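Q: Got a model open here. Can you walk me through it?

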Amino acid sequence: RASMPKIGKDSAFRSWVHMESGDKPGTKRFERLRMLFAAGGDPLDSARISWAGGSITIGLGVRTDLRTATISLPSVSSVRIAFQVRDTVAVQGISLEEEPAGVLIDNLSFRGNSGVGVLKIPAGVLAGTHRDLGYSLVVLQFGANVADSTMAGYGWYRDRLIEVVGRVHSTFPGAGVLLVSVPDRGVKDTAGNIVTHPSIPLILKAQREAAVRAGCGFWDLRKAMGGDNAMARWAEAGMVAPDYVHISQNGGRRLAKALAKSVGQAWTRAKEPSP
């Protein structure tokens, strides 16, 4: 998921990105920019960060390992980053933060992915990201894209998920790992009723077993939705797409609150002294 700025001989070929704040509390202003990148081999490669009333140019160096540039900013609502590079530079991520930062959430979306794709990310990239950003919790949520009504079992998927969790444990030392289960997925039966896709209980069983064997947390998203045939009720409430797979924004907010509550309760229990 890295972004590769264009390679050019002069400023006319610069790649740039403009980022603006959101309208929700905690996203309106920011005082710090962090950029994760791996530089190319040209010592003159640089990035110019500019905002209303100021700018700064930083050299990107020639190290090819993942590293972080941290820039202090005045309280601003937008920033522009322009790259002048003559060798390949991979920008892995840009974080705009308040001071104090509070709770930061990074999201890496794998559209149409079973979760096994995590194993294709170089371990050095994962470890370097954790080294520089210091995550407390890594949440993994997959499953809907492996639903197949012709498949008799998902032992193979359980075993691959164990590998995925193991990779996260090894590259994010000290961080907790939480596996969030597959949500309910609806299909229509012969009578036209919306029922749970037959493979969903099998996938959920495989995920639960993977979490137990890999030694990570597990949150049953399907149970939070209501269990068997939950998608029918969610469709009636207008909180899912017509495919009975994708949850609406309002539905996502409801589940996010439920997950946050569960994580908070688990955190509180973990901090309680042993009897």
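**Overall picture**

A: Buried residues make up 38% of the 275 residues in the protein chain. Buried means under 20% relative accessible area, exposed over 50%, and partly exposed in between, with a 1.4 Å probe and protein chains only.

Q: What sort of model is it, and what are the ground rules?
A: This is a predicted model, so local features need pLDDT of at least 70 and side-chain atom pairs count only at pLDDT 80 or more, while totals for chains, interfaces and linings use all residues. Residues are numbered from 1 along each chain as its sequence is written, and side-chain values use heavy atoms, with hydrogens and water left out.

Q: How many helices and strands?
A: The protein chain has 6 helices and 12 strands. Helices (H or I, at least four residues) and strands (E, at least two) are DSSP runs, numbered from the N terminus.

Q: What does the C-alpha trace span?
A: About 65 × 50 × 35 Å along its principal axes.

Q: What share of the contacts comes from residues 24 or more positions apart?
A: Such pairs account for 74% of the contacts with a separation of 6 or more. Contact means heavy atoms within 4.5 Å.

Q: Now the inside. Which residues have the most contacts in the largest nonpolar core?
A: Leu140, Tyr157 and Ile203, in a core of 30 residues. A nonpolar core is a set of buried Ala, Val, Leu, Ile, Met, Phe, Trp, Tyr and Cys residues joined through side-chain atoms within 4.5 Å.

Q: Which elements give two or more residues to this core?
A: Strand E8 (137-141), helix H2 (155-171), strand E9 (176-180) and helix H3 (200-214). H3 gives the largest share, 7 residues.

Q: And what does Ile203 touch?
A: Gly143, Val146, Ala147, Tyr154, Tyr157 and Val182, not counting residues up to four places away in sequence. There is also a second, separate core of 20 residues, which includes Met35, Ala39, Val79 and Val85.

Q: Back to H2 and H3. At what angle do they pack?
A: About 40°, with their axes 8 Å apart. Axes are lines fitted to C-alpha atoms, for helices over the stretch in contact, and angles run from 0 to 180 degrees between N-to-C directions. H2 and H3 are therefore oblique to each other. Angles under 35 degrees count as roughly parallel, over 145 as roughly antiparallel, 65 to 115 as roughly perpendicular and the rest as oblique.

Q: Which residues make the contact?
A: On H2, Tyr157, Arg158, Leu161, Ile162, Val165 and His169. On H3, Ile203, Ala206, Gln207, Glu209, Ala210, Arg213 and Ala214.

Q: New topic: backbone. Which residues have a positive phi without being glycine?
A: Asn229 has a positive phi of about 60°, and Tyr244 has one of about 60° too. Most residues other than glycine have a negative phi.

Q: Where are they, Asn229 to begin with?
A: Asn229 sits in the loop between helix H4 (221-225) and helix H5 (230-236). Tyr244 is in the loop between H5 and helix H6 (249-271).

Q: Is Tyr244 buried or exposed?
A: Buried, at 18% relative accessibility. Asn229 is partly exposed, at 32%.

Q: What about Val89, where is that?
A: In the loop between strand E6 (78-84) and E7. Val89 is buried, at 0% relative accessibility. Leaving out residues up to four places away in sequence, Val89 touches Ser3, Met4, Pro5, Ala38, Ala39, Gly40, Asp45 and Leu60.

Q: How far is Asp45 from Val89?
A: 44 residues in sequence, and 8.6 Å in space, C-alpha to C-alpha.

Q: And Ser95, what does its side chain pair with?
A: Glu97, through a polar contact of 2.6 Å between the two side chains. A polar contact is a pair of N or O atoms within 3.5 Å; within protein, one must be able to donate a hydrogen and the other to accept it, and residues adjacent in sequence count only if both atoms are side-chain atoms. Ser95 is in strand E7 (residues 90-97) and is buried, with a relative accessible area of 14%.

Q: Last one: where is Trp219?
A: Strand E12 (residues 217-219). Trp219 is buried, with a relative accessible area of 12%. The residues touched by Trp219 include Leu178, Val180, Leu255 and Ser262.
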